[in-house]
Amino acid sequence: MHLYSLARFLLVLSAVFALSAQAQGLRTTGTAGATTQPAGTSTAQAADFIVAVVNSEPITNNEVKQEVRRVQQQMAQQRQSPADPLALLRQVQERLINDRIQLQQARDTGLKIEKDAIDQAEQSIARQNQINVPELRRQIEQDGVQLSRFREQLRDQLLMTRLREREVESRVRVSELDIDQYLRDQASNTEPANQLTGLAQVLVAVPDAATPEQIRSLQAKASQLMLRGRAGEDFAALAREFSDAADRSGGGQLGLRPADRYPPVFIQATENLAVGAISELVRTGAGFHILKVLERRSPALPAMTLSQSRSRHILLIPSAQLTEAAAREKLMSFKQRIETGQADFAALARDSSQDGSARDGGELGWASPGQFVPEFEAVMNQLAPGQISGPLTSRFGVHLIQLMERREEKVSPEQQREWIRAQLREKKTDEAYTAWLRELRGAAYVEVREAPQL
């Protein structure tokens with residue numbers, strides 16, 4: 001399964017198995033087709049009937065109801081506004097019909113899913129929720145879902161994914177002409193409101209109760225920093241050393257944003273500046289800001305530069321012999337020893353880290369945004385070069401991270417075109433899938449009987 005299909009498959013799984021907001025991992029809330037009934041359900045309420053027939057296979061009202069409940073519970077966990085129950089009933093019924101048609105097509109064309117593939121999917125769900133497979137199974141059964149039914153649904157999702165991969169994705173092509181046209185279309189989209197701007201700042205904070213003399217002194221300090229930046233000094237280094245803003249550890253970078261997500265005074269100070277230019281001092285309630293324009297681009301094009309980080313880590317994996325609390329305590333001891341000069345990070349990594357990078361002293365090499373899992377990357381991005389994090393827990397275990405250095409790496413034209421190719425492929429695949437499903441639905445016998453009821 002290539003990466004695009006895998007990503008789509010994992011998104012489907014997240015729709016099938018509701019993930020709890022609790023930190024303890026996956027908590028299923030019931031799945032379509034589950035055979036259990038809530039405690040106290042009356043006989044009248046449990047009475048079932050057929051709501052649709054797909055090529056002689058029935059879809060029952062209970063199947064629709066159980067899936068509606070699962071979707072409602074998932075929306076509640078994600079703090080989404082409740083959907084209209086009647087509209088949700090119709091949407092779920094329609095999706096179950098389309099799923100049934102695809103599963104029948106997969107079986108009719110001889111597609112099969114081996115046990116090993118289902119095992120791997122089960123392991124992926126457990127890993128994403130930072131638990132092992134036995135714990136995943138225990139939680140599933142605790143929620144009243146039979147393990148056999150859970151694995152059947154994994155099989156069904158894999159079947160539909162492979163069918164789409166064979167019938168749709170393998171036929172999608174993105175030509176060089178498609179990419180050229182995309183670039184021409186984006187180049188003509190020059191409306192300022194549609195442009196993204198990347199800024200960095202150095203903030204010289206002014207206390208609320210500052211005297212006029214203090215304000216003049218701080219303004220002079222800010223002016224001096226502005227002149228140093230304009231003279232060619234590394235702006236990111238100035239931010240890390242002198243800025244009073246929380247973003248100083250990241251070189252003062254504020255991110256790539258549309259104009260309406262910056263303070264209006266920031267846009268007014270930079271809208272006529274070229275990329276690389278530094279603004280005059282900007283006064284706000286926080287103090288004096290010095291702004292540098294890092295980038296401007298269309299929202300549909302990839303960044304021309306990437307901020308890359310080189311870091312190393314020590315990973316401890318909790319087990320029956322090493323609890324998470326004990327792992328955190330051990331890593332905190334490592335941090336203290338390194339910072340006081342009693343130990344070397346690389347030596348500790350080689351001796352103790354339970355990661356493949358241990359032999360390289362924990363070195364992870366240069367990494368672009370999105371390369372690491374979010375919980376790891378979020379902590380790493382807050383570090384200044386040379387700084388060591390506190391222990392942090394990710395889906396892989398407990399880490400100690402040291403940021404070694406950062407750099408700005410230009411994206412080559414070839415890399416930009418590959419990014420565009422991936423975006424166009426995804427768009428074309430979605431369009432082709434919609435058309436293919438419409439054809440499949442047109443060739444099937446579908447009889448919608450009674451409207452589903454809650």
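Where does Ser56 lie? Ser56 sits in the loop between β1 and β2. Asn55 is in the loop between β1 (50–54) and β2 (57–60) as well. Strands here are DSSP runs of E, at least two residues; helices are runs of H or I, at least four, and both are numbered from the N terminus.

This is a predicted model, in which local features need pLDDT of at least 70 and side-chain atom pairs count only at pLDDT 80 or more, while totals for chains, interfaces and linings use all residues. Residues are numbered from 1 along each chain as its sequence is written, and side-chain values use heavy atoms, without hydrogens and water.

Most residues other than glycine have a negative phi.

| Residue | Phi | Relative accessible area |
|---|---|---|
| Asn55 | about 50 degrees | 33%, partly exposed |
| Ser56 | about 80 degrees | 62%, exposed |

Exposed means over 50% relative accessible area, buried under 20%, and partly exposed in between (1.4 Å probe, protein chains only).

**Helices α4 and α7**

Helix α4 (residues 85–108) packs on helix α7 (residues 147–167) at about 75 degrees, and their axes are 9 Å apart. Axes are lines fitted to C-alpha atoms, for helices over the stretch in contact; angles run from 0 to 180 degrees between N-to-C directions. The two helices are therefore roughly perpendicular, a term for angles of 65 to 115 degrees.

From α4, the contact (heavy atoms within 4.5 Å) uses Asp99, Gln102, Leu103, Gln105 and Ala106. From α7 come Asp156, Leu159, Met160, Leu163 and Arg164.

Definitions and conventions. Parallel < 35°, antiparallel > 145°, perpendicular 65-115°, else oblique.
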